[in-house]
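The following paragraphs lead the reader through one protein model. Please keep the sequence and the structure in view while reading.

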Amino acid sequence: MKKKLFITAALLLCFSAVFAYFADLNGKWTGTLAAPDGNEYPLNYTFKIDNDKLTGAGQSPQGSVDITEGKVKGDSLSFAVDVGGVKVINTGKYFSAGDSISLNVDYQGYKMHSTLKRAADK
């Protein structure tokens with residue numbers, strides 16, 4: 001009986017720790033994406049984490065796009081956004097120590113990289 005209670009308590013503690021870990025991803029994130037043609041594009045995302053699901057939106061001067069296919073597993077995340085009818089795949093890793101996200105972007109076969117930082121509240 002004690003073993004069963006201990007295991008249950010340990011599992012609850014692990015789930016709480018994982019939830020708290022990803023709660024840090026919630027909020028606004030910004031960065032800049034350098035395209036292969038030399039142009040730079042601002043990246044602005046608002047992330048919301050619910051268990052292992054990532055939702056939210058990306059904002060640009062052209063408007064807002066919803067995040068689709070968002071997933072979180074461990075310190076890794078992935079999601080897609082629609083840019084002018086093109087599905088753009090984003091994969092990344094969250095670094096809690098630096099409060100940053102290393103983001104790899106695949107736009108029609110072009111591989112790019114960016115670092116997102118938490119946006120300062122205004």
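Which residues of the largest nonpolar core touch the most other members? They are Tyr45, Phe47, Phe79, Ile101 and Leu116, in a core of 21 residues. A nonpolar core is here a set of buried Ala, Val, Leu, Ile, Met, Phe, Trp, Tyr and Cys residues joined through side-chain atoms within 4.5 Å. Two or more residues come from each of strand S1 (27-34), strand S2 (40-50), strand S6 (76-83), strand S7 (86-95), strand S8 (100-107) and strand S9 (110-118). The greatest contribution is that of S2, with four residues. In soluble globular proteins, nonpolar side chains tend to be buried together.

The model is predicted; local features require pLDDT of at least 70, side-chain atom pairs count only at pLDDT 80 or more, and totals for chains, interfaces and linings use all residues. Residues are numbered from 1 along each chain as its sequence is written, and side-chain values use heavy atoms, with hydrogens and water left out. The predictor's confidence in each residue, pLDDT, runs from 0 to 100; its mean for the protein is 83, and 80% of the residues reach 70 or more. Over residues 4-23, pLDDT stays under 50.

The protein contains one helix and nine strands, where helices (H or I, at least four residues) and strands (E, at least two) are DSSP runs numbered from the N terminus. Along the sequence the pattern is α-β-β-β-β-β-β-β-β-β. Of the 122 residues, 27% count as buried (under 20% relative accessible area, with exposed over 50% and partly exposed in between; 1.4 Å probe, protein chains only).

Two residues show the surroundings in detail. Beyond its neighbours within four places in sequence, Phe47 is in contact (heavy atoms within 4.5 Å) with residues including Trp29, Phe79, Ile101 and Leu116. Ser100 is found in strand S8. Ser100 counts as buried because its relative accessibility is 10%.

Finally, the largest pocket is lined by 25 residues, of which Leu33, Tyr41, Leu43, Val83 and Tyr107 lie nearest its centre. On a 1 Å grid over the protein atoms alone, a pocket is an open set of points where a 1.4 Å probe fits, with protein on both sides within 12 Å along at least five of seven lines; lining residues have an atom within 4 Å of a point. S2 supplies the largest share of this lining, five residues.
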